[in-house]
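Student: Could you take me through one part of this model in detail? I would like to look closely at the ligand site and the helices around it.

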Amino acid sequence: MRDHHDDRGIPGYNLGSPEVARSPISIEALDELKKSCLLTDEDVIYLRLSYDVLEDQAENLVAMWRGIIAHHPHLRHYSQDVNTGAPDEEYGARVGKRFAQWVLDTARAEYDQAWLDYQYEIGLRHHRAKKNKTDGAHTTAHIRGRDLIGFAAATVAPLRPYLEKGGHSEQVVNRMLDAWWKSMILQVTLWSQPYMNPGDF
Ligand code: HEM
């Protein structure tokens, strides 16, 4: 699987390709979930405003999130080779590129079928169902659901200084940050589906 490229040239980032799992929920169900998250059209405007602010900072953001993971043994072991215990650097680099692209796709906020399907795929890739498969890696097989969900806070809470770099007013920065929280909760909710008992989602 190591040579799958999408049209953005990021190995394994195949949003929109037929290899991606199909979301078990419909676009209508996604619309309901957006309402549960209070994610409105106005939030979409602020997410898209954050695109230009974050575009050149995506790699820095990934490095910052990596720093949080590296700081905690229970998180960093998910990227360690099960046989040697050493960090799998190649895996880390490949996943990092996809993570940076995810920042941009979150800011793009195009909630179509391809996006919905890819959210299911991202959940599967944290779960034992598909972790390691995209990169042919041999790291820890499964990210615990509680770590996946909890890390949503670690993803968005440190964003403010990065959003401030765009030179927008404090009020606008606050709205972008709110929109990021809502989007993150929406996404991690979708990602949690493979972790739930059948019928419980
Ligand atoms: C809610 C917070 C999280 C976000 C926003 C996030 C984001 C992402 C993204 C965008 C990808 C790439 C998906 C793709 O293949 O296109 C990914 C994969 C991955 N993430 Fe996360 N993640 C989160 C939580 C975690 C946690 C807590 C860990 C463990 C420390 C983790 C470790 C990984 C690993 C190891 C992969 C690669 C999975 C594979 O083998 O394909 N993630 N994550």
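Tutor: Happy to! Let's begin with helix α7, residues 145–156, whose buried residues are Gly-145, Asp-147, Leu-148, Phe-151, Ala-152, Ala-154, Thr-155 and Val-156. Buried means under 20% relative accessible area, exposed over 50% and partly exposed in between, with a 1.4 Å probe and protein chains only. Helices (H or I, at least four residues) and strands (E, at least two) are DSSP runs, numbered from the N terminus. This is a predicted model, where local features need pLDDT of at least 70 and side-chain atom pairs count only at pLDDT 80 or more, while totals for chains, interfaces and linings use all residues. Residues are numbered from 1 along each chain as its sequence is written, and side-chain values use heavy atoms, with hydrogens and water left out.

The buried residues of α7 pack against α3 (58–71), α4 (73–76), α5 (89–108), α6 (113–126) and α9 (170–191). Contact here means heavy atoms within 4.5 Å.

Beyond its neighbours within four places in sequence, Leu-61 touches Leu-54, Val-103, Leu-159 and Tyr-162. Val-103 is 42 residues from Leu-61 along the chain, yet their C-alpha atoms are 8.6 Å apart.

Now to the ligand. It is surrounded by 24 residues, of which Tyr-91, Tyr-118, Arg-125, His-126 and Asn-132 are the closest; a residue counts as near when one of its heavy atoms lies within 4 Å. By class, this shell has 17 nonpolar, three polar and four charged residues. Ala, Val, Leu, Ile, Met, Phe, Trp, Tyr, Cys and Pro count as nonpolar, Asp, Glu, Lys and Arg as charged, and the others, Gly among them, as polar.

A polar side-chain atom of Tyr-91 is 2.6 Å from a ligand oxygen, and a backbone N or O atom of Asn-132 is 2.7 Å from an oxygen atom of the ligand. A side-chain N or O atom of His-126 lies 2.9 Å from a ligand nitrogen. Helices α5, α6, α7 and α9 are the elements that each give two or more residues to the shell around the ligand.

Thr-134 sits in the loop between α6 and α7 and counts as buried because its relative accessibility is 11%.

How values were computed
Polar contact = N/O pair within 3.5 Å; in protein donor to acceptor, adjacent residues only side chain to side chain.
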